[in-house]
Amino acid sequence: MLPTLDARLTAAAQLVRPGQPVADIGCDHGKLTAVLAASGRYPKVIGADLRPGPLAKARQTLENAGCLDRAELRLGDGLSVLSAGEVGSIVLAGVSAQTTWEIIEKAPWVSAVGGPRLVMVPATRHSELRRWLWQHGFALVADRPVQAAGRWYAVMAAEYTGEVIEPTFTQCLLGDTARWPEGAGYAAWQRAKLPRMRLGVPDGSPLAAEMDAILKEGN
């Protein structure tokens, strides 16, 4: 039986480049790996995890879905399980923003024009991941807000262009989420964090002015 994906993993699956190999890094239970493998849209599907336990669960999920023969499971740390040019998309879901960019930094071949599409679902600190991507030459080709299990997530797809951007606080806070129907709800959730964040910012600073403008706009 094919597993059911929640909204965040469904959105992530929709952002994978069709017709090219794909890797699900940190595949955990293997639900996304199984759905990708069963779809028949990718010539190779790789599921990888750092620990044997989750990888064993992923193998069982693939077996239950009847697609164990259409996926390859690998044990290893981050992108060390892949070689340059092996896949067209890399999914990094369920880890923090910092862990996400640390995984990317350890694989320099990702930061190349024509390299793989990165599909990311940071568990925390969405704003910081957007800033890191822009400052390191990646362009966001999708930035979709979704709700799952009562929490908001930002499902991002990025590709390396080499163009470095110094974004504003507002750009990092909301990204390109406003164009989605769920954008208003995501923006309200992000703005709700601002009063606490504002406490540590000196009055009169450019950042304080930008935060105050966002707070005023939300009232």
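Which element gives the largest share of the lining of the largest pocket? Helix H4 does, with three residues, and the points below set this in context.

1. The structure is a predicted model, in which local features need pLDDT of at least 70 and side-chain atom pairs count only at pLDDT 80 or more, while totals for chains, interfaces and linings use all residues. Residues are numbered from 1 along each chain as its sequence is written, and side-chain values use heavy atoms, with hydrogens and water left out.

2. The largest pocket has a volume of about 600 Å³, and of the 27 residues that line it, Ile25, Gly26, Asp49, Ala93 and Val95 are the closest to its centre. A pocket here is an open set of points on a 1 Å grid over the protein atoms alone, where a 1.4 Å probe fits, with protein on both sides within 12 Å along at least five of seven lines, and lining residues have an atom within 4 Å of a point.

3. At least two lining residues of the largest pocket come from each of helix H1 (7–14), strand E1 (22–25), strand E2 (45–49), strand E4 (89–93) and helix H4 (97–105); helices (at least four residues) and strands (at least two) are DSSP runs. By class, this lining holds twelve nonpolar, seven polar and eight charged residues.

4. The second largest pocket has a volume of about 200 Å³, and its lining includes Arg125, Phe169, Cys172 and Met197. Helix H5 (126–135), helix H6 (169–174) and helix H8 (194–198) are the elements that give two or more residues to this lining, with the largest share, four residues, coming from H5. The lining of the second largest pocket divides into four nonpolar, three polar and five charged residues.

5. Arginine 74 lies in strand E3 (residues 72–75) and counts as buried, with a relative accessibility of 16%, where buried means under 20% relative accessible area with a 1.4 Å probe and protein chains only.

Key
Points joined across faces, edges and corners; volume = space filled by probe spheres on them. Nonpolar A, V, L, I, M, F, W, Y, C, P; charged D, E, K, R; others polar. Buried < 20%, exposed > 50% of the residue type's maximum accessible area, 1.4 Å probe, protein only.
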